[in-house]
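This report looks at how the parts of one chain are arranged and how they meet. The sequence and model come first.

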Amino acid sequence: MDQSIKRVIGLLSVALALGACSSNTTTKVENTDPLPGFALSNLDTTAAPCTDFFQYVSGGWAENNPMPETESRWGNFGILQEQNQKRMRGLLDSLAQVDNFSQDAHYAQLLSVQYQAGLDTVALDQAGAEPLSPLRSQLQAIQSWEDYLNWLPQALKQGFGSPFGLSVGVDDKNSEAYLLNLSSGSLGLPDRDYYLKEDSASKKLQSQYRQHMAAMFRLLEIQEAQAQKAAEAIYAFEKQLAQHKMSRTERRKPENTYHKMSVAEASQLAEPLQLDQTLSALSLKIDSLNVSNPAYWQQLATLLPQTDLVTLKQYHLWHVLRATAGYLSADFEQESFHFYQTTLRGVNEMKPRWRRVLSSMGNGLSEPLGRVFAERYFPEEAKQAVEQMVEDLRTAYGQRIKQLTWMGDSTKERALEKLAAFNYKIGYPDVWKDFSRLQLEEGAYFTNHLKLRAYGVQENWDKLGQPVDKDEWFMPAYLVNAYYSSSYNEIVFPAGILQAPFYDVNADAAINYGGIGGVIGHEFSHGFDDQGSKYDGYGNLNQWWTDNDRSNFEDRTQVMVEQYNQYEPLPHLHVNGEMTLGENIADLGGLTMAYYGYQERLQRTGESPETKAGFSWQQRIFLGWGQVWQTVQKDEYTKNQVMTDYHSPAQYRVNGPVSNMPEFWEAWSCEKGDALVRTDSLQVEIW
Ligand SMILES: [Zn+2]
């Protein structure tokens with residue numbers, strides 16, 4: 001569903017389902033902590049900061065915060081997200097007491113209906129696989145290739161995984177207009193590379209995936225032999241799709257995925273697929289669209305008609321099952337959990353039912369959920385404080401750009417224009433989406449989910465031909481995360497993250513600048529990372545650099561690629577420096593801007609910072625950043641992360657940036673020869 005964001009790049013962290021809880025931070029209290037906002041017991045004082053700052057700043061934390069069995073990665077993001085969820089649970093429980101919802105509170109009624117329906121596991125277990133019947137009947141009725149093509153528009157409307165997708169986003173080269181995007185198809189494994197690798201661990205996982213599919217089909221009372229056969233056939237089909245898809249690294253480059261063409265051209269590229277008829281069946285009245293991967297689209301036109309109709313139908317059934325397992329009886333949900341959470345990510349135990357329901361509601365009801373959360377829990381003073389930090393960092397960024405030695409004056413001027421044009425959104429949307437057309441039924445968890453899915457698809461398609469909605473948010477207000485959008489040239493900070501330990505009204509200011517300030521700097525830096533820097537201040541893909549400056553920039557970013565390629569979180573498993581480049585640039589840029597942004601604050605306020613708990617303000621900036629990344633994770637999580645996540649594992653988000661920063665070396669009196677003092681050719685300064 002998140003395909004509606006054509007190109008929101010640069011999330012701060014992997015998207016966590018829902019999130020957090022803690023004491024209310026709205027009251028400023030007299031704080032007697034030695035270092036307000038940072039618990040000294042979280043330090044590992046036996047570790048040397050200049051050797052392994054990550055260990056120093058989070059070793060004690062790891063001991064104090066054992067990972068629950070329901071997690072495979074545990075850190076401050078997850079803890080806060082769990083707290084946010086507990087708060088939302090309280091709000092939803094109180095909604096259950098409401099007898100009559102007013103028209104204005106329709107969105108809250110939707111939440112209440114779906115939440116209660118999700119908690120009724122007795123009814124869900126009784127229904128078993130029955131809710132799938134209408135969808136299965138649709139598939140059974142398909143008897144020919146023509147039938148299949150005629151049904152395809154309906155499949156796209158339902159929003160389940162398909163051999164190709166259609167979603168609307170902002171045109172990369174015209175940020176004032178929406179554009180329909182034809183994307184490559186859905187796979188059941190997390191990335192195409194899972195199908196293409198040939199080593200024994202990958203082969204084992206491929207086999208486990210096939211077993212999982214077969215097990216799910218058996219739950220539909222499909223016979224063993226038939227279920228196995230279906231799993232093999234779907235796997236073979238998905239593998240062919242995988243072979244024609246781009247890698248994540250390739251997909252990051254906007255020029256690789258921008259191929260705007262007329263509908264006639266796109267139809268011609270893949271004649272047997274009859275795109276023009278599909279579009280008219282869907283009432284999508286357009287002259288042109290973007291085909292994100294024309295080679296894939298072309299290959300699909302050969303592959304699909306050659307694929308056995310039974311296999312195609314099973315592929316669709318599989319993607320429905322995969323997406324809806326959590327809305328069916330417990331046997332489906334458990335089998336799905338076993339593969340997707342335990343096998344792939346190393347999670348041992350399911351989260352409690354109420355948390356699973358809340359997470360699922362993030363598909364389709366994330367904005368109303370964010371609304372009830374933000375209306376109750378977002379302190380306005382956090383907004384003002386963050387606004388001030390944004391401006392301090394913007395000023396610092398501007399100073400840094402002016403001083404760059406590798407960039408010429410004309411590019412600098414354009415970079416400063418872009419910096420000045422950055423918009424920001426803090427807390428929650430000014431305008432909430434209207435859900436008044438949507439009706440959900442009590443006790444209908446599964447069918448409500450189908451409705452929500454289809455509603456989201458239609459809402460996205462309805463944008464075509466409308467002016468771009470600059471008020472729209474692409475992340476719910478309850479989430480512990482943040483993003484930069486290149487098309488909007490804006491940085492966005494949901495209420496969910498504007499809490500301790502990221503931002504704490506009672507914390508020492510330097511800790512806050514290293515924390516949420518670092519996050520702000522990270523998002524700013526996405527506008528100037530290897531991909532974001534290809535967009536101008538108006539949000540258009542547009543070469544605003546001189547060739548020489550671009551080439552200087554690329555020389556520097558290439559060093560960073562090599563630097564991160566050397567990181568090895570598990571034996572023989574290396575970080576993908578190219579895939580994670582944008583995030584790594586943003587971490588280094590972000591921490592640098594937090595450091596200099598705090599100096600702007602000192603100038604602005606005339607404060608003279610004293611040493612606290614024995615730490616200078618410079619040291620506290622780095623402690624604040626380190627605190628954000630206090631994390632432990634299982635090996636399974638790390639393996640999955642390195643293949644699918646654009647973010648480096650937490651230890652490199654701390655040790656990586658600081659190893660490039662003379663400011664860090666000075667703050668901690670590091671010396672040449674210390675592990676985090678890069679005196680080698682891989683030391684890099686970009687922004
Ligand atoms: Zn990011």
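Predicted model: local features only at pLDDT ≥ 70, side-chain atom pairs only at ≥ 80, totals over all residues.

Domain 1 puts 38 residues into the contact, and domain 2 puts in 40 residues.

**The interface**

How much area do domain 1 and domain 2 bury between them? The figure is about 3600 Å², with 60% of it on carbon and sulfur atoms. On the side of domain 1, F446, W461 and M643 stand out: they supply 22% of the area that this domain buries against domain 2, more than any other three residues.

Across the same interface, 19 residue pairs are in polar contact, both residues being at pLDDT 80 or more.

Four helices each give at least two residues to the side of domain 1 that touches domain 2: α17 (353–377), α20 (445–461), α23 (581–605) and α25 (635–644). Which of them gives the largest share? Helix α20 does, with nine residues. By residue class, this side of domain 1 holds 17 nonpolar, 13 polar and eight charged residues.

**Salt bridges**

Side chains of opposite charge can pair when their charged atoms come close. The search of the whole structure gives 29 salt bridges. Two pairs are listed here.

| Pair | Closest N and O atoms |
|---|---|
| K253 and E578 | 3.3 Å |
| R355 and E71 | 3.9 Å |

**The whole chain**

The secondary structure of the chain amounts to 27 helices and nine strands. Its radius of gyration is 25 Å. The globule rule gives 26 Å for 687 residues, a close value, so the chain is as compact as a globular protein of that length. Taken along the principal axes, the box filled by the C-alpha atoms is roughly 75 × 60 × 55 Å.

Key. Residues numbered from 1 in each chain as written. Heavy atoms only, no water. Contact = heavy atoms within 4.5 Å. Buried area = accessible area lost by both parts, 1.4 Å probe. Salt bridge = Lys/Arg side-chain N within 4 Å of Asp/Glu carboxyl O. Polar contact = N/O pair within 3.5 Å; in protein donor to acceptor, adjacent residues only side chain to side chain. Nonpolar A, V, L, I, M, F, W, Y, C, P; charged D, E, K, R; others polar. Rg over C-alpha atoms; globule rule 2.2 N^0.38 Å.
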